[in-house]
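Dear colleague,

I am handing over the structure below, and my notes on it follow. Please read them alongside the coordinates and tell me where you would look further.

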Amino acid sequence: MPQRKGPPISERLKTAMAASKRIRLAVKRGEKITVNKTEKNRRQEICDKCEYRTEKEQTCKKCGQKPKTKLTLWCLDCGCWLPAKQKLATEDCAKGYWGPEKPIKEIAK
Ligand code: SF4
């Protein structure tokens, strides 16, 4: 089970800077920086089953009720904000669960 806090802010900043550099390089090379909706959804489904994913229930500010669905937010392994990471063609899962260059590992559940 991963540590529930995730990496420290300094590590998260390094990861974000590295991601930003990959995006700039992709733009410079004329490569696309986002994946299509099918791929984004595939990545999200994998993250949704992952033990490293954090989730948060949002509460309606008016009525105080919680929706049935929970929002996937952060990865406790890399510290990335998952909705953005899953959309970026330049990113992959550090655990090898998804990404263009890594074989997809099965998440045992
Ligand atoms: S990016 Fe990888 S390690 Fe992080 S939540 Fe998604 S599948 Fe799990």
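By class, the shell around the ligand in this predicted model holds seven nonpolar and three charged residues, with no polar ones. The residues that surround the ligand are Ile 46, Cys 47, Cys 50, Tyr 52, Arg 53, Cys 75, Asp 77, Cys 93, Lys 95 and Tyr 97.

Several of these names return in the largest nonpolar core, which has 12 residues, among them Ile 46, Cys 47, Cys 50, Tyr 52, Cys 75, Cys 93 and Tyr 97; the core also includes Trp 74, Cys 78, Cys 80, Leu 82 and Trp 98. Helix H2 and strand S2 (71-75) each supply at least two residues of this core. In soluble globular proteins, nonpolar side chains tend to be buried together.

Helix H2 covers residues 37-48, and its 12 residues should span 16 Å at 1.5 Å a residue, which agrees with the 16 Å between its end C-alpha atoms. Within H2, the buried residues are Arg 43, Ile 46 and Cys 47, and because they cover an arc of only 100° around the axis, they sit on the same side of the helix. On the face of H2 turned away from that buried side are the exposed residues Lys 37, Thr 38, Asn 41 and Glu 45.

Helix H1 (residues 9-29) reaches 30 Å from its first C-alpha to its last, close to the 30 Å expected for its 21 residues at 1.5 Å a residue. The number of buried residues in H1 is zero, so this helix lies largely in the open. Just after H1, Gly 30 takes a positive phi of about 80°.

Best regards

How values were computed
Residues numbered from 1 in each chain as written. Predicted model: local features only at pLDDT ≥ 70, side-chain atom pairs only at ≥ 80, totals over all residues. Near = placed C-beta within 6 Å. Nonpolar A, V, L, I, M, F, W, Y, C, P; charged D, E, K, R; others polar. Helix = DSSP H or I, 4+ residues; strand = E, 2+ residues; numbered from the N terminus. Expected span 1.5 Å × (residues − 1). Buried ≥ 20, exposed ≤ 12 C-beta atoms within 10 Å, placed from the backbone. Arc of directions from axis to C-beta. Core = buried A, V, L, I, M, F, W, Y, C linked by C-beta atoms within 7 Å.
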